Amino acid sequence: MAAVNGATRVYNGTTNAAANLLTVSNVINGDTVTASGNATLAGSSVGAEAVSSIAGLTLSNPNYTVVGGTASGSVAITAAPLTVTASN
């Protein structure tokens, strides 16, 4: 399992990486496998953060497992926008 090329998310203070930011590999031709849940990133700061764990993911096809799987790639975390308003 690896991060999708160009995967990004907005800073939210967590190390969670949603399953839709990842791609499943080594699937037998003709099988369908989707991931759900969250992987874990090495950090939560803005910038590129490596995928460090896929233990929080589940797969849609019981013929596959993420146990003992490895993670690769990184997710780019972008700065969260702020709104500044004047107080009266």
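In which loop does alanine 19 lie? Alanine 19 lies in the loop between strand E3 (16–18) and E4, where strands (E, at least two residues) are DSSP runs numbered from the N terminus.

The views below show a predicted model, in which local features need pLDDT of at least 70, side-chain atom pairs count only at pLDDT 80 or more, and totals for chains, interfaces and linings use all residues. Residues are numbered from 1 along each chain as its sequence is written, and side-chain values use heavy atoms, with hydrogens and water left out.

**View 1. Alanine 19 in the loop between E3 and E4.** Alanine 19 counts as buried because its relative accessibility is 8%, buried meaning under 20% relative accessible area, exposed over 50% and partly exposed in between (1.4 Å probe, protein chains only). Leaving aside neighbours within four places in sequence, alanine 19 is in contact with Ala35, Ser36, Gly37 and Leu57, where contact means heavy atoms within 4.5 Å. The C-alpha atom of alanine 19 is separated by 12 Å from that of threonine 8, the two residues being 11 apart along the chain.

**View 2. Strand E5 and its pairing with E3, E7 and E6.** E5 pairs with E3 in the antiparallel sense over 3 bridges, and two strands are taken to pair if DSSP finds at least two bridges between them; here alanine 18 stands opposite asparagine 38 in E5. E5 and E7 also pair in the antiparallel sense, over 3 bridges, with alanine 35 opposite leucine 59 in E7. E5 and E6 run antiparallel and are joined by 2 bridges, leucine 41 having valine 51 in E6 as its bridge partner, and a hairpin joins E5 to E6 through 5 residues.

**View 3. Arginine 9 in strand E2 (residues 8–10).** Arginine 9 is buried yet has no salt bridge, and the nearest side chain of opposite charge, glutamate 49, is 8.0 Å away; a salt bridge is a side-chain nitrogen of Lys or Arg within 4 Å of a carboxyl oxygen of Asp or Glu, and in assigning charge Lys and Arg count as positive, Asp and Glu as negative, while His and the chain ends are not counted. The side chain of arginine 9 makes a polar contact with the side chain of asparagine 12 (3.0 Å), a polar contact being a pair of N or O atoms within 3.5 Å, of which, within protein, one must be able to donate a hydrogen and the other to accept it, with residues adjacent in sequence counting only if both atoms are side-chain atoms.

**View 4. Strand E8 (residues 74–78) and its two faces.** The covered face of E8 has Val75 and Ile77, and the uncovered one has Ser74, Ala76 and Thr78. In a regular strand the side chains alternate between the two faces of the sheet. E8 pairs with E2 in the parallel sense over 3 bridges, arginine 9 standing opposite isoleucine 77, whereas E8 and strand E6 (residues 47–53) run antiparallel and are joined by 4 bridges.

**View 5. Asparagine 61 in the loop between strand E7 (57–59) and E8.** Asparagine 61 is buried, with a relative accessible area of 12%. A polar atom of the asparagine 61 side chain lies 2.9 Å from the backbone nitrogen of asparagine 63.
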